[in-house]
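Thanks for coming, everyone. Let me put the structure up, and then we'll walk through it together.

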Amino acid sequence: MQLECFRGADFSQVSARARKALGEDAMILHTRTVRDDGVPRVEVLAATTDTLEHVRERLQATALPTPLRRASGRPYVIALVGPTGAGKTTTAAKLAVRPGTFGIGRPGLLTIDTYRVGGMDQLATYAELANVPFDVVYDASEIGDAFSRLRDCDVIIVDTPGRSPNAADVTDRWRTLLDALKPDEVHLVLPATIRGDLALAAERAYRTSSSHVGATHVMLSKLDEVPGERGVTDLALSLALPTRWITDGQDVPADLAPAVPRLLRSLGLGVDADDAWTAA
Ligand SMILES: Nc1nc2c(ncn2[C@@H]2O[C@H](COP(=O)(O)OP(=O)(O)OP(=O)(O)O)[C@@H](O)[C@H]2O)c(=O)[nH]1
Ligand SMILES: [Mg+2]
């Protein structure tokens with residue numbers, strides 16, 4: 001991303017330098033005072049308006065369809081995949097439990113994480129507390145029945161096991177099951193703290209292939225664990241996938257937000273919180 005940092009004795013001098021370098025419509029994103037050998041200096045982070053539009057375009061997901069449910073009655077299916085402990089189950093619960101995440105669309109929860117003891121109970125408890133329909137499938141032959149039990153739902157959030165995509169046999173089984181669910185969107189959940197090279201490796205591992213459906217979106221979790229959020233936007237951009245939501249804490253459902261406004265805010269651009277939700 002084309003962001004540049006400028007330092008100088010005072011703000012007007014530094015912003016003039018930024019405009020000279022980046023053009024008259026350069027935007028100042030952050031200003032802070034730093035010390036160079038004990039001498040206070042003003043530091044600004046600036047970018048061209050083009051750059052910011054480019055960031056928005058690269059990251060913005062297309063709007064969810066309205067209505068979510070197809071004419072055939074099939075609900076919209078959103079699956080969450082990703083490494084162990086990334087926050088898939090907590091995020092699935094947040095998406096389904098938060099009122100209005102999908103406008104008037106009614107969410108349901110489905111898990112195919114039948115491998116880990118307790119994995120299912122965690123989600124079932126959230127579903128019960130929030131009165132959200134919840135189901136489990138162990139095998140592709142059960143999908144039809146599960147969908148008929150979830151027939152009142154317009155959108156189904158699918159939780160998957162946190163397996164390394166390279167751990168062959170078990171992975172193949174749940175990925176085959178995920179393929180059979182024919183998800184409309186597959187969000188790759190990655191903690192914002194992840195190393196860049198591992199994030200790229202995860203993205204490669206969950207790419208669509210001849211045998212499996214792959215990630216269509218990236219969802220960065222645990223933004224609350226990253227001290228400065230600027231690097232998070234760079235991480236999202238490096239994966240070249242659109243993004244709909246981020247998570248920034250353990251509270252269900254509070255710590256969930258639309259991604260692009262939040263990432264733009266991390267670059268210093270204010271976005272109204274209410275607008276932010278409609279933009280999701
Ligand atoms: N700080 C922080 N913790 C989070 C966030 N989202 C989830 N967690 C925590 O991360 C831990 C793992 O979350 P899970 O939702 O179980 O992760 P998972 O990806 O389903 O894990 P597996 O199913 O084992 O792969 C839990 O302690 C969550 O409370 C977040 O946004 N911020
Ligand atoms: Mg889980």
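This is a predicted model: local features need pLDDT of at least 70, side-chain atom pairs count only at pLDDT 80 or more; totals for chains, interfaces and linings use all residues.

Let's start with a detail.

Now step back to the whole chain. The protein chain has 280 residues, and 38% of them count as buried. It has 10 helices and 11 strands. Along the principal axes, its C-alpha atoms fill a box of roughly 70 × 40 × 35 Å. Look at the contacts, too. Take those in the protein chain with a separation of 6 or more: 69% of them come from residues 24 or more positions apart.

Back to helix α4, residues 119-130. Which of its residues are buried? Leu123, Tyr126 and Ala127. They cover an arc of only 100 degrees around the axis, so they sit on the same side of α4. Here is the general rule. An α-helix has 3.6 residues a turn, so residues three or four places apart point the same way.

What about the other side of α4? There, Asp121, Thr125, Glu128 and Leu129 are exposed. And what do the buried residues of α4 pack against? Helix α3 is one partner. The others are β5 (107-111), β6 (134-136) and β7 (155-159).

Helix α3 covers residues 88-97, and it gives the most to the shell around ligand 1, with three residues. There are 19 residues around ligand 1. Which come nearest? Gly87, Thr89, Thr90, Gly162 and Thr247. By class, the shell has one nonpolar, 11 polar and seven charged residues.

Let's finish on one of those nearest residues, threonine 247. It lies in strand β10, residues 245-247. Is threonine 247 buried or exposed? Buried, because 28 other C-beta atoms lie within 10 Å, and the cut-off for buried is 20 or more.

Who are its neighbours? Leaving out residues up to four places away in sequence, threonine 247 touches Gly87, Thr91, Lys94, Ser221, Lys222, Leu223, Asp255 and Leu256. Gly87 is also among the residues that come nearest to ligand 1. One last distance. Proline 258 is 11 residues from threonine 247 along the chain, and their C-alpha atoms are separated by 8.7 Å.

That's the tour. Thank you.

Key
Residues are numbered from 1 along each chain as its sequence is written. Chains are lettered from A and ligands numbered from 1 in the order in which they are written. A residue is near a molecule or strand if its C-beta atom, placed from the backbone, lies within 6 Å of it. Helices (H or I, at least four residues) and strands (E, at least two) are DSSP runs, numbered from the N terminus. Ala, Val, Leu, Ile, Met, Phe, Trp, Tyr, Cys and Pro count as nonpolar, Asp, Glu, Lys and Arg as charged, and the others, Gly among them, as polar. A residue is buried if 20 or more other C-beta atoms lie within 10 Å of its own, exposed if 12 or fewer, and partly exposed in between; C-beta atoms are placed from the backbone. Two residues are in contact if their C-beta atoms, placed from the backbone, lie within 7 Å. The arc is that of the directions from the helix axis to the C-beta atoms.
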